[in-house]
Amino acid sequence: MQKFKTIKSIPAYLPIVNIDTDMIIPKQFLKTIKRTGLGKNLFYEMRYNEKGEPIEDFILNTSPFNNSEILIAGKNFGCGSSREHAPWALLDFGITCVVSSSYADIFYNNCFKNGILPIVLPEAKIKELSEYSKRKEEIIVNLEEQKITFGNNEIDFEIDQFKKKCLLEGLDDIALSLEKNPKITEFEKKLSSNRPWIFND
Amino acid sequence: MPKTLYDKIWDDHLVHAQEDGTSLLYVDRHLVHEVTSPQAFEGLRNSNRKVRKPNLTLAVADHNVPTSDRSKGISDEESKLQVETLEKNCEEFGIKLFGMDDKRQGIVHIIGPEQGFTQPGSIIVCGDSHTATHGAFGSLAFGIGTSEVEHVLATQTLVQKKSKNFRIKVDGKLSIGVTSKDVILQIIGKIGTAGGTGYVIEYAGSLISSLSVEQRMTICNMTIEGGARAGLIEPDQKIFDYLKGRPMAPKKENWDKALDYWSKLKSDNDASFDKEVTLDGKDIMPMVTWGTSPQDVISIDGRIPNPDNEADEDRKNSIERSLKYMGLKPGTAIKDVKIDKVFIGSCTNGRIEDLRDAAKIIKNKKIAQHVYAMVVPGSGLVKQQAEQEGLDKVFKESGFDWREPGCSMCLAMNADKLKPEERCASTSNRNFEGRQGRGGRTHLVSPGMAAAAAISGSLDDVRKYQN
Ligand code: SF4
């Protein structure tokens, strides 16, 4: 996984609540067996018309937002299906940071597995930040210091320290868990005597 | 300290806990389907890792499979590749797979319980948000992403942080024509699509325990639509009877041991919950969704809401957006809304009892002339059972199409989909924009309500057709 570096970018603002993962990446693109290449289909049904032509006024189709690395969106972002294709599509498009007042749990977790930082901020702060999108001004997201800098202002954000460490160091979850192999083996031993039916299938 | 059922299952699966609460949990049962697994297997291959416990995983192709004649295979090249990739991966890593021509093939959340793979007190995961379904058996079951699928395959564990406890109590009795689908729709309407975010829900109360095993699955299935990753119900004799003798259920002395363990799975009387909501059965009506989120729900006697009555700006905008997408006007009686299609199926309502419910309404009647209606049984075994009971004939005689099992128009990944602006009464679980096909308009209902809509040609009250 890529290490998370400080981002400086003009954020794209999508003022819609309950953006579900079907919206982020519709099912016709879930037939892939790869993780990459989904960026062009991100927000497909909002971004392209029925003939597959780009809808001109959709924010991610317009400059400079077609190069945004930060997406600001309405609450409960990423609800619905567990498809990890949603963060893959965001990442492939170039978005490595999402800002919202809340997320659905599965999507939130999926972000961290792919080097994307989902930031939670109160609604009022979101409104403030979205002004920078409208004015096409850059903001800076610094994970190390848990700070967003915009103009002369700063906002601090909260994040789970372990998740932060994994993002900053680009740690591989599986490798970390495999280090606990002796504990897993010990657990399995106990399991086969306490709940033997689990292995008996 | 008194514990909830969720606390107990958590504790019994704890392999390791860090100081900050990040925990490694043992996974007892892992279900895999073709859409969310290819990249996970690819990841294993790239890093030279093996599957730790292949026989704790069960795989099936369901999302992409055609529900028409299967003898010619899959015509869509990408779908075909995905299904074949699953077959190859299962063979390479030694995982049991129900192939497309296996009688036991079906929707992943239907076949788990059917085979007895789903068991009380276990942790069950799948790369699919409706894994919550299995919570009906008193297991902790939740959806995971593809990276986590890879993690489970490699380590048989998952890294988690504990959720909070949320209890939803439903007491009383269901009125005639009202089903567990209406109960869960009403719950989601009440708590909202994010009401359960960060929680595990335990459904309790006399109405919940009066439900059959399959009805309980419908409730737990839609837990994710209320934002909670998992919803569970204390297991009881009905669950044990349902599981006994199923192919993958414990046998002989293991059955006795399992039963002993399962019987103790309940929240302590004085356990405390971080959040509680109570509903009374007599207030629950047949429900239908009008918008593009499962929380946009009203009773069948209701009218489409008016965004102008909303104080909250976000809510107002989202109602306006939904109504525009759905092609509906505020104030319209929902019963006056004409439909084009009816879909009966999915992991929410594609089991035998659901088909019986719908068949009872449809029997000796014809569907409206302008309506296309389909039944997609949840699995090959559900289909077989229904045919033994003659339900296929009842449906076909009334004008329904009788299909092969799979996810079908629940998410429209195969050829079954709505055309733009087509309106559908659907027994599935999501009415998101484009879910059943680009521009398609979905109204979520129970199987009986779907049958009533098919006959009337518009959304209608199932109680009208109750004998
Ligand atoms: S039936 Fe629908 S909700 Fe259920 S697993 Fe299939 S696609 Fe998902």
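**Stop 1: the second largest cavity**

Start with the lining of the second largest cavity, which by class has 7 nonpolar, 5 polar and 3 charged residues. The model is predicted. To find the place, select Cys79(A), Gly80(A), Ala104(A), Ile224(B) and Gly227(B); of the 15 residues that line this cavity, these are the closest to its centre. The second largest cavity has a volume of about 120 Å³.

How does one look for empty space of this kind? Rolling a probe the size of a water molecule over the atoms shows where empty space is left.

**Stop 2: the largest cavity**

How many cavities of 30 Å³ or more does the structure hold? There are 3. The largest cavity contains about 240 Å³ of space. Select His63(B), Asp128(B), His130(B), Leu411(B) and Arg435(B), which are the closest to its centre of the 24 residues in its lining.

Next, colour two helices of chain B: α4 (108–115) and α12 (346–349). Each of them supplies at least two residues of the lining of the largest cavity. Sorted by class, that lining is made of 8 nonpolar, 11 polar and 5 charged residues.

**Stop 3: the contact of chain A and chain B**

Now show both chains and select the residues in contact. Chain A gives 58 residues to the contact, and chain B gives 78 residues. The size of an interface is often given as the accessible area lost when the parts come together. For chain A and chain B, about 5,800 Å² is buried between them, and 53% of this is on carbon and sulfur atoms.

**Stop 4: links across the interface**

Between chain A and chain B, 7 salt bridges are found across the interface. For one of them, select Lys31(A) and Asp76(B): their side chains form a salt bridge with an N to O distance of 3.1 Å. Polar contacts also cross the interface of chain A and chain B, with 32 residue pairs found, both residues at pLDDT 80 or more.

**Stop 5: the side of chain A that touches chain B**

Hide chain B and look at the side of chain A that touches it. Which elements give two or more residues to this side? They are α1 (21–24), α2 (44–47), α3 (85–93), α4 (105–112), α7 (173–178) and α8 (181–194) of chain A. By class, the side of chain A that touches chain B has 22 nonpolar, 15 polar and 21 charged residues.

Note on methods
Residues are numbered from 1 along each chain as its sequence is written. Chains are lettered from A and ligands numbered from 1 in the order in which they are written. This is a predicted model: local features need pLDDT of at least 70, side-chain atom pairs count only at pLDDT 80 or more; totals for chains, interfaces and linings use all residues. Side-chain values use heavy atoms; hydrogens and water are left out. Contact means heavy atoms within 4.5 Å. Buried area is the accessible area (1.4 Å probe) that two parts lose on being put together, summed over both. A salt bridge is a side-chain nitrogen of Lys or Arg within 4 Å of a carboxyl oxygen of Asp or Glu. A polar contact is a pair of N or O atoms within 3.5 Å; within protein, one must be able to donate a hydrogen and the other to accept it, and residues adjacent in sequence count only if both atoms are side-chain atoms. Helices (H or I, at least four residues) and strands (E, at least two) are DSSP runs, numbered from the N terminus. Ala, Val, Leu, Ile, Met, Phe, Trp, Tyr, Cys and Pro count as nonpolar, Asp, Glu, Lys and Arg as charged, and the others, Gly among them, as polar. On a 1 Å grid over the protein atoms alone, a cavity is a set of points where a 1.4 Å probe fits but cannot get out, and a pocket is an open set with protein on both sides within 12 Å along at least five of seven lines; lining residues have an atom within 4 Å of a point. Grid points are joined across faces, edges and corners, and a volume is the space filled by probe spheres set on the points.
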